[in-house]
Structures are given as structure tokens and as C-alpha cells.
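Please read the following report alongside the sequence and the model.

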Amino acid sequence: MTKDNHIPEALLEEAMDWFLELKARPNCRETEAAFQAWLSRSDLHQESWEHALKTWQLLGEVPPVHEHLWRGARPLAANVLPIRKSWTGKAYAAGAAALALAACLLMFVSLPSLLLWWQADHVTETAQSTTVTLEDGTVIQMGGDSAIATEISASARTVRLLKGEAFFDVARDPSRPFVVDAGGVAVQVLGTAFDVQLAQSETTVELAHGIVAISYSGKGHEENFELSPGEMATVVHATGAVTRNQIAQEDIGAWRSGKMFVNDVTVAAAAERLQRYHSAWIAIPQAGLAGQRVTGVYDLKDPDLALQALVQPFGGKVREVTPYGRVLTQF
């Protein structure tokens with residue numbers, strides 16, 4: 001969604017407020033009448049409304065209940081009577097839209113979850129953490145919305161991080177190397193402690209103590225390197241590019257104490273991590289905002305406050321579209 005420079009920011013704010021008001025008060029005649037009065041005040045009001053609607057369209061959801069209010073919008077006097085006459089049809093359309101949205105969300109949410117449950121040995125829910133102790137004595141702390149699959153044999157120990165993040169305190173066993181696979185990035189150790197975060201586009205490893213060997217082989221690129229204590233590395237899946245930085249001990253696996261530490265990542269990547277601790281769906285329709293880079297520590301115990309702190313330096317705001325949806329915008 002782009003911001004048109006000739007539309008006052010205050011008017012864009014009003015348009016987004018109307019968007020949220022219509023979502024919160026479906027089938028309310030007074031709200032519809034007030035919205036029509038606002039919309040008919042000027043061409044700029046209608047343009048600001050069109051800009052606000054792009055947020056909804058970019059979310060990929062079904063048209064909102066009040067779509068009839070902005071299709072071929074006319075002055076209030078011409079619209080009040082048709083609104084009242086079509087009340088039954090509108091209620092039916094609202095129900096159909098709600099059912100369609102529910103079906104889409106069910107498919108969107110359930111299918112990946114079912115696949116994870118099929119592959120995983122251990123799974124956590126949103127904002128839930130748990131500790132798993134393997135038969136070799138290795139302790140794994142899993143963060144919110146995470147999943148792992150484990151395979152322990154007489155000659156090898158393998159854990160696949162299927163989703164999310166986990167902190168590993170590996171029991172030393174020279175006869176059985178311990179390997180963590182996270183999105184194709186392999187972390188091999190004998191006995192050490194480290195944190196692994198798997199995102200859609202990259203894998204991050206933070207080393208607390210010991211030494212780990214990291215390898216990644218993708219299309220046309222291959223990486224092999226070691227990390228020392230107090231180091232972190234991020235591997236981009238698409239290119240194999242590696243970014244290495246120092247990290248304070250207290251920031252390694254900071255999620256275990258209710259904090260999220262990020263170092264020079266995009267707002268989109270940080271929001272993806274926050275998603276594991278937020279019950280609402282988070283969307284960033286503006287590529288410019290999503291691509292901004294951030295470094296900092298954020299409070300996972302108040303994910304809405306964390307989202308606000310994430311986008312505020314760039315003039316961004318957190319919009320509560322529904323109790324189950326947050327949209328990050330730059331106006």
C-alpha cells in the first residue's frame with residue numbers, strides 16, 4: 001500500500017479508523033449512515049478510503065461485510081433507503097462472507113499444522129514453551145509455536161527443527177555426533193549449548209559455549225564454517241549468504257526469559273518471530289516497512305507492545321483489524 005502525498009495524513013488516519021469501526025460493528029445502521037456522511041464530504045475522503053482498503057486487499061482475505069458501501073459510493077441521501085431495503089440480503093451476504101473466511105482460515109491454519117503434527121515428535125503452541133529431555137541426556141528448550149523431530153540411534157543423534165526455535169544443551173558423547181537440521185542448515189556438535197531459530201527465509205544459530213560446525217548446501221552455493229562462544233550466524237536459504245556477529249551471553253536464547261533479541265534483521269523477519277508469541281495473525285502489506293532493518297530487545301510477554309516498538313522508529317502503527325488480526329502500516 002502506497003501513501004498518496006496529496007492526501008493529508010490525518011484523513012488517512014480517519015479512513016483507517018472507519019475501516020476498523022465498520023469491521024467492529026457489522027450491520028449497524030447508525031455506523032453505516034455516519035460512514036456515508038463522512039465518505040460524501042469530499043473526493044479526498046473517498047481517495048483516502050480507497051487507500052485504506054488496499055490494506056484489506058493485500059491481506060488476501062474475502063471482501064469485508066460493508067463492501068457495498070464503497071462500491072460506486074454516492075452521497076448519503078441517495079444511499080440510506082437502499083441500505084434499509086437490502087437489510088436481509090446484506091445479512092445473508094455477511095454470513096456467506098464469514099463462512100468463506102472461516103473456511104479459508106481453516107484451510108490456511110490447519111493444513112500446515114497437520115503436516116507438522118505428522119512429522120514432529122514434540123510441538124508447542126503459540127506463546128507456549130516446553131523442555132524436552134532426550135534419552136542421551138540432551139536437554140532441549142522449545143520456544144512458542146515450534147516443532148522438532150528426533151532420531152537417536154547407537155551411532156548418531158539427529159534433531160530436525162521443523163518450525164520455530166529451540167535451545168540445545170547437548171550431552172557430550174564423542175561416539176555419537178549430535179546434528180541439528182534447521183531448514184537445510186546443519187549444526188554439528190559433540191557437547192555444547194546453542195540456540196537455533198528457523199524462519200521462512202533464514203536460519204540463525206547463537207552459540208553459548210563449546211564449538212559448532214555449520215554447513216549449508218543449496219543451489220549453486222555451499223557454506224562450511226565454525227562458530228565460537230559468543231558468536232551468532234544467520235544463513236539466508238535462497239543465497240547461502242552468511243552474516244556473523246558477536247552476541248552477549250544474556251541475549252543467547254533470550255526468549256527463554258521472555259525477551260526477543262534481533263540483530264540487523266528486517267521488520268518482516270522480526271514480526272515472524274513475534275508471531276510465535278501472538279495469538280493474532282500479523283501482516284505487513286507495505287514492502288517498504290517490511291524491509292526496514294532493526295536491532296534490539298523486545299518484550300515477548302506483551303507482543304502488541306513489542307510490535308509497536310518494532311515499527312515506531314519508522315513512523316509505523318499497529319492496527320487491530322480484528323481481535324485475531326494485526327496490520328502494521330506506515331500511517
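Alanine 127 is placed in the loop between β1 (122-123) and β2 (130-133). Strands such as these (E, at least two residues) and helices (H or I, at least four residues) are DSSP runs numbered from the N terminus. The phi angle of alanine 127 is near 65 degrees, a positive value in a residue other than glycine. Aspartate 264 also has a positive phi, near 55 degrees, and is likewise a residue other than glycine; aspartate 264 belongs to strand β14.

The model is predicted, so local features need pLDDT of at least 70 and side-chain atom pairs count only at pLDDT 80 or more, while totals for chains, interfaces and linings use all residues. Residues are numbered from 1 along each chain as its sequence is written, and side-chain values use heavy atoms, with hydrogens and water left out.

**A sheet of three strands**

Strands of a sheet pair through backbone hydrogen bonds, either parallel or antiparallel. In this model, an open sheet of 3 strands runs in the order β15-β18-β17 with mixed pairing; two strands pair if DSSP finds at least two bridges between them. Because β15 (281-283) and β17 (317-322) stand at the edges with a single partner strand each, one side of each is left without a neighbour in the sheet. Neighbouring strands of the sheet are turned against each other by 25 degrees on average, direction ignored. The pairing of β15 with β18 (residues 325-329) is parallel and extends over 3 bridges. Within it, tryptophan 281 stands opposite glycine 325 in β18.

**Helices α6 and α8**

Helix α8 lies across β15, β17 and β18, and runs at about 135 degrees to β17. Such angles run from 0 to 180 degrees between N-to-C directions, and axes are lines fitted to C-alpha atoms, for helices over the stretch in contact. How do α6 and α8 lie relative to each other? The axes of α6 (residues 267-275) and α8 (residues 303-311) come within 11 Å and cross at roughly 175 degrees. The two helices are therefore roughly antiparallel, a term for angles over 145 degrees. Val267, Ala270, Ala271 and Leu274 of α6 meet Ala306, Leu307, Leu310 and Val311 of α8, where contact means heavy atoms within 4.5 Å. By class, this contact has 8 nonpolar, no polar and no charged residues. Nonpolar here covers Ala, Val, Leu, Ile, Met, Phe, Trp, Tyr, Cys and Pro; charged covers Asp, Glu, Lys and Arg; the others, Gly among them, are polar.

On a 1 Å grid over the protein atoms alone, a cavity is a set of points where a 1.4 Å probe fits but cannot get out, and a pocket is an open set with protein on both sides within 12 Å along at least five of seven lines; lining residues have an atom within 4 Å of a point. Grid points are joined across faces, edges and corners, and a volume is the space filled by probe spheres set on the points. The count comes to 1 cavity of 30 Å³ or more.

| Space | Volume | Residues closest to the centre |
|---|---|---|
| Largest cavity | About 150 Å³ | Gln197, Glu202, Thr204, Val265, Arg273 |
| Second largest pocket | About 210 Å³ | Glu202, Thr234, Thr243, Asp264, Arg293 |

The lining of the largest cavity divides into 8 nonpolar, 4 polar and 4 charged residues, and its largest share, 4 residues, comes from β14. The lining of the second largest pocket has 5 nonpolar, 6 polar and 3 charged residues.

Key: Parallel < 35°, antiparallel > 145°, perpendicular 65-115°, else oblique.
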